Amino acid sequence: MRGPGFYSFVVYKLSAALTGLFLILFLVFHLYGNFYLLEGPMVYNWKARELLVNPLIRVVEVLLVIAFVVHIVSGVVLTARNWSGRGERYRYVFWQTAFFKRLMWLSGAVILLFLVVHLGTFTVPYRITGEVQDLYQAVAKAFANPWYTLFYVLAFVFLGFHLAHAWESAFQTLGVFHRVWTPVLRSIGYFLAVAIPLGYIFLALYMFFKANPEWLRALPFLSGVS
Amino acid sequence: MRIRLRVWRQRGPDVPGKFEVYELEDVSPDWSFLEMLDVLNLRLVREGKEPIAFESDCREGICGTCGFMINGRAHGPLKGTTVCQLHMRHFSDGETITVEPFRARAFPVIRDLVVDRSALDAIMQEGGYISTNVGSAPDANSIPVSRWAASRAFDFATCIGCGACVAACPNGSASLFLGAKVSHLMLLPQGGPERKRRIRKMLIAMEALGFGGCSNTYACEAECPKEISVEAIARMYREAWRAMFSHSEE
C-alpha cells in the first residue's frame, strides 16, 4: 500500500516532540533572564549586552530558529492531516478529554501571533537593527500600555494550555510509558504549565504597575493603601 | 420507561442524512439498547416504514460488530461496555437520547448507523499477522513465555476491532487499534521476527486509508469497550523508532 510517505505522521510527531522539549528549555532560560528586570535598568541592560556579545549565543540562536520553524511546520502539517482524518463532524458533540488537549492548534496559533509581535517589539529592534539601545526602557515603554500587557498576559495563559498537554504528549510520542514515571511526568508537566506562564505574567504585571502606579491604587483590595 | 430517541437516518453513502425522532413508551429497563432498537424496528416495519439499519452479532460484547454513538459517546455513557451490553436502566425516564453512526473519514456511512469499517481489516492485512509454518503442535514450554508477557499480550489482544477508538478520536485515528495489535504480537516470541516490517507497513497503511494521526488526547482510551491503555500507542511509537533507527535485519 502506498501512503503519503514513509512514517509521515510519526516523523512529524517526533520533530514536534523534540523541538518542543528544546523550546521549553528556552522558555525557562528566557524567564531567568527576564527576572533581571527586578534589578533595575543598570543590571538588566548590562546582562542583556553581555548575552548579546556572547559568541555561544550565535549557536543557540541558530538552533532556536531551526526549532521554531520545525515545530511550527510540524504543528501545521499534523493539524491539517488530523482535521482531514476527522471527516464529517458529529452533530452531538461530547469531549471525553480536557479542551486544551484538543485545541493545541488554537493555543499554538495564539503563541505564534505573540511570537511575531514579540520579535517586532524587542528582538528585531534590539538584536538586528540596533535602533533600540536601552532595552530596559523599551520593555518599560511597551508594558506601560495596558493593551500590550493584556495581550501579553493572555498569550501566556494560552502558552500554559499548550504546555499542559505538550510535556506529557512529548514523552508519550517518544515512547515513554511507565507505571510509575508517567504519572510523575504528568505532574511535572502540569507544574511547568502553571509555573512558566506565571513567571512571565508576574514580570509583565510588575512592569505595568511600575509604569502605572495609579492602577495599583485602583485595585479594590488596595484601596486603603496610599 | 419513556424514551425519546433522535436517530440519524441516512439512506446511502452519498445521500445527506438527518435526525428523526421516535417516541417510545413502555421501555423495559432490562432491555439492552439494541433490544430497544429491535422493538422500535418491529413497530416501524408494522407501520410500513423503513427500519433503522444497525449492526450486531454476538450481543455479548466480544465480537466487535455493534457500535454507534449515544449522546456523543462511542458505545454510550457506560465505561468498558459495548452497545449490546448497555442496558436501558442506565438512562432516565423521559430522557432524550441522540444516536449517531461512528464517524471518521476512513469510516464512510453505508446506511443509518452502519459504517464501513473494512479499513481496519486493510490495516491488519498489511502486517497484523505472523508468517510461520504452523506444523504439528510443539511440546509444552518449548517456547518460553513469561507469565508477565503472556498477560500483557492478552491485555492488548482483547481489542475486538469495533472502531470505537477511531470514532472517539478527534482526528479519526486508528492509533489505539494499531498499537494494540502491534503490542500483542511483539510481546510474544512469535511476533519478533517481523517487527520492523509490521510496524512500517501498518503505519503507512493507516495513513493511506485516510485515518488521522495521534495527538495524544486519549479520547480513545476513555471510550474503548475493552479499556485498552494508551500504553499501546506508546509501544506503537517505540516500535516505529526501533524500526527507524536501527539496521534492518529483515
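These questions and answers cover chain B of a predicted model. Local features need pLDDT of at least 70, side-chain atom pairs count only at pLDDT 80 or more, and totals for chains, interfaces and linings use all residues. Residues are numbered from 1 along each chain as its sequence is written, with chains lettered from A in the order in which they are written.

Student: How are helix 5 and helix 6 of chain B oriented, roughly parallel or roughly antiparallel?
Tutor: Helices are DSSP runs (H or I, at least four residues), numbered from the N terminus. Helix 5 (residues 175-186) and helix 6 (residues 195-208) of chain B pack at about 170°, axes 11 Å apart. Angles run from 0 to 180 degrees between N-to-C directions, with axes fitted to C-alpha atoms over the stretch in contact. Angles under 35 degrees count as roughly parallel and those over 145 as roughly antiparallel, so helix 5 of chain B is roughly antiparallel to helix 6 of chain B.

Student: What separates the centres of domain 1 and domain 2 of chain B?
Tutor: An automatic or database assignment sets the bounds. Domain 1 of chain B spans 3-100 and domain 2 spans 117-244. Taken over C-alpha atoms, their centres are separated by 30 Å.

Student: Which helix of chain B gives the most to the side that touches chain A?
Tutor: Contact means C-beta atoms, placed from the backbone, within 7 Å. On that basis, 39 residues of chain B meet 34 residues of chain A. Helix 6, helix 7 (219-223) and helix 8 (231-244) of chain B are among the elements that each supply at least two residues. The top contributor, with 8 residues, is helix 8 of chain B.

Definitions and conventions:
Parallel < 35°, antiparallel > 145°, perpendicular 65-115°, else oblique. Contact = placed C-beta atoms within 7 Å.
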